[in-house]
Amino acid sequence: MAFRRLLSFNHVGNNFCRKYCQGVASRDPSLYFFSSRVQELLFQLNDRQHDLVFKPRKLGQKLEAPQYVFMTDEDLDKERRRIEQRLREKLQVPPVLGPRKPIERVLAKDPRLEGLHDSKLLCIDISPDLSDRKRMITAREPDGTLRTANWHERGRINQIFLPVDGRTVTMPKMFEEPHLTECLDREEYVSVLDRACVQFEPDDPDYIRVTSATYDHVDAARLYERLQSTRHFGALAFYLAWHRRIDNLLLYFIQLEKLDQAVKLIHLYRLLRSAEPISDQTPPTRQESSQSDGFSSSSESGSESESSSSDSDSDSEGVQLDIIRDYIENASVKRPVLELALQNFQHLSAERRRVEREQRRADGRQ
Amino acid sequence: MLSLKLWVPKLAGASTCFRPGSSCLLSSLKVQQCHHAAGRLTPVLSVLVQKQDKAVLGIQPSRNAGFFTNMSANELWKGVTGVSNAGRKRGRGRGAGVKRRRDLNRGQVIGVGKVNMMWPGLNAPVLRNGELVRQQSQPRDEQRESRLQAIRDQFTDQRSFKLTPLERGWSGNRLPGRSIGPPDAVDFETFEGFDTTVLELKTVFSMTATAGRTRHISCFAVTGNGAGLVGYGLGKGNTGMAAIKQCKRRAGQRLIYVERCDGHTVFHDFFTRFAAVRIFVERRPRGHGLQCHRAIREICHRVGISDLYAKVEGPTDNVQSITKAFFLGLLRQRTHQQLADEKRLHLVELRPEADNYPRLVASPGGAPVRSKEQIPADEELDFQLHIFEGKVPLKMPPKQPFYMKLPCYQTHLNKVKHLKNQEQVRVSLLAEHGEVRSFLADQYPECRAASAALWAEKRQAAEDDQEQDEM
């Protein structure tokens, strides 16, 4: 706990937030985020453990006894497919956009209206078929100026007349300092992020600030498993890759012997580093395609370590190690730590292969 | 000798006898009338005559002898507490309200009484240091009365013991609902982890040819180890202890194993009956508790079921029938594996709080799973209908209060509509501003609640102090 307090990210978070807001070299993350290759990588990076994704949620509802259904094999397959679809929906990553630009625009000036009202008046078009972002909201200042409402006013008025469940009109105090830091120190990452998703729009500077602070805290504390099997893990991975700070997460994957995840993370990093935004038309690189072929047969959860003892696996493991070594040598910041972790992994897997070979020989003799 | 004229009121049936008191004629004279007729409870009146200077000042009646000095303690107590033979057969003269005899001699010493005197030879030595000890009156013992009373009260109160809430049964200090410990060990079986609860303890009578009405105590109890093993037993005996012993032994001898789902509830809803008792049992989620008849609750505690709903219809006081019905239902339960096997289909669990994730609970063991074509069109695939074998428990809609149908109810709802969210608004105002206030509070400070203003000041003062301390 003391370690984490030393690294409380008030100033560091703001620093990175400013960078994010400006964009690293003023790039817009949304141009990269929505590409299908990036989306697929974000989905694959997630653990996707069904127990955690579909865990029973205590939302203050009255519990009922579970229902039971008799199913044939076909029914079961149909359900499994439905679950895969539902999994995709539940693990859809909240969109990463750059901070929104001001939209205030003066429509008319009427100095003769000055003194008519002593407070600002806001008008909103409450037609139900309009999008909240597009509906017309105007403000009449006390000095008579008619202008379009700014984002803050828009948020408040939309929430008053067309409320979103779970959202408050004014920003909850937990998103202000020092409460936000206290929440993060208590490791309540998922509840902070969930509430931020409800409260803010993705291009709200406050949303970007809160989520950046949370991801920084998670990264500093290395508590990535808290966000695993939630939709926020993909956003965390994107954030770290965007800001070129994937070393801690890479170390985490190597220590857990999840080499395929490590390779995917490096791919994501490379994709986000490219100067041009990725479009779905650009063909994937040779490396990426070979890796995806090698890994498409792996389990959906992606949490298994290397399967035992066949040569093809050791070959693919060799390719993975090459990619990781290449990144460590060329692009990493924490080179010695990562190299050591990789060495340890190689020792361990060699040991494991030797033991399995000896066992097979012993079994063969018997 | 002066002649004294005395007038003594004559009482019916009393003969007079004259016994002069002290020899001094000028002192008060006592005349006693005692009755010779033993057993007759006529009061004896003695007359205290105050005489001074040959004038009779007054006559004061006093009773110094009567039935309670002339009868023995046993006879007196029998009179007060006695119950006739017929009454005793009916069980009268027992229980909480009965008068108990007290030994009034306890705490008393011969020679010591209300008047605290030293009687040489009785409660004092005759000779002390060679000298003759004289009769002496000593100062009154003030506490003697209260001491005697305390001693007497000690032995009077019925030994009613207090039970802690965890030990308590269903009512008072009575045994039903209370634990009587595990069954006694038999050979190698030590009944470790078992506990027995009495469900019924009653006095039963039967007419016999020889002795007429005979009385026995009947005890019905259930025993279990909280992990599925449970059994019930009935014992009868002349005394309560004998009946309890027998029923505990029998309960331990007749154990059954009950399967539980996830260790806390039954596998599915079921209906069961025994004699006139019908029970509808429903499975409940973890944390719900035991919402059922108290006898069923005790049985569930012994089995290890912690969440259940059960509705008993029919005679709810017939604990033995209820127990037997419930046991039958528990035994007839089908586990998930059994259901999958008998249907030859997968059994899948859907929980609404887990987004209806299909959790495969059981697959058929021996035979392969049937396909859609192999299932006949008229086969019942609905789980509830299969469990109840085509029947369905009738669920009446919950009864609404009479006034909800009346038109004035709508008027009432309209009137209180604006108060519906009041609680939530107060809470959010307190969270945001620290007080319940309106948007006009800044402009018109007098409209703030007095307490709110006071606490705001205190908070401000505390913050200022804190700032000063920091500085």
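In helix H12 of chain A, residues Asp247(A), Leu250(A), Leu251(A) and Ile254(A) meet Val337(A), Leu338(A), Ala341(A), Leu342(A) and Phe345(A) of helix H16(A), where contact means heavy atoms within 4.5 Å and helices (H or I, at least four residues) and strands (E, at least two) are DSSP runs, numbered from the N terminus. Sorted by class, this contact has eight nonpolar, no polar and one charged residues; Ala, Val, Leu, Ile, Met, Phe, Trp, Tyr, Cys and Pro count as nonpolar, Asp, Glu, Lys and Arg as charged, and the others, Gly among them, as polar. This is a predicted model, in which local features need pLDDT of at least 70 and side-chain atom pairs count only at pLDDT 80 or more, whereas totals for chains, interfaces and linings use all residues. Residues are numbered from 1 along each chain as its sequence is written, chains are lettered from A and ligands numbered from 1 in the order in which they are written, and side-chain values use heavy atoms, with hydrogens and water left out.

Two packed helices are described by the angle between their axes and the distance between the axes. For H12 (residues 247-255) and H16 (residues 335-365) of chain A, the angle is about 10° and the axes are 10 Å apart, which makes H12(A) roughly parallel to H16(A). Here the axes are lines fitted to C-alpha atoms, for helices over the stretch in contact, and angles run from 0 to 180 degrees between N-to-C directions; angles under 35 degrees count as roughly parallel, over 145 as roughly antiparallel, 65 to 115 as roughly perpendicular and the rest as oblique. The crossing of H12(A) and H16(A) is left-handed, a term used if the near helix is turned anticlockwise from the far one by less than a right angle, with right-handed used if clockwise.

In soluble globular proteins, nonpolar side chains tend to be buried together. The largest nonpolar core of this model has 62 residues, and those with the most contacts inside it are Phe238(A), Leu268(A) and Ile324(A); such a core is a set of buried Ala, Val, Leu, Ile, Met, Phe, Trp, Tyr and Cys residues joined through side-chain atoms within 4.5 Å, where buried means under 20% relative accessible area, exposed over 50% and partly exposed in between (1.4 Å probe, protein chains only). Apart from neighbours within four places in sequence, Ile324(A) is in contact with Ile254(A), Leu259(A), Ala262(A), Val263(A), Ile266(A) and Leu342(A). A second, separate core of 29 residues includes Phe220(B), Ile305(B), Ala310(B) and Ala325(B).

Tyr189(A) lies in helix H9 (residues 189-199) and, at 0% relative accessibility, counts as buried; beyond four places in sequence, its contacts include Leu184(A), Thr214(A), His217(A) and Arg226(A). Phe175(A) is placed in the loop between H7 and H8 of chain A and also counts as buried, at 0% relative accessibility; among its contacts beyond four places in sequence are Val192(A), Arg195(A), Phe200(A) and Val210(A).

The loop between helix H7 (151-161) and helix H8 (179-185) of chain A holds Pro178(A), and the peptide bond from Glu177(A) to Pro178(A) is cis, with omega near 0°. Arg48(A), in the loop between helix H4 (36-45) and helix H5 (50-53) of chain A, has a positive phi of about 60° although it is not a glycine, and this residue is buried, with a relative accessible area of 7%. Ala275(B), in the loop between strand S12 (270-274) and strand S13 (277-283) of chain B, has a phi near 55°, likewise positive in a residue other than glycine, but Ala275(B) is exposed, with a relative accessible area of 60%.
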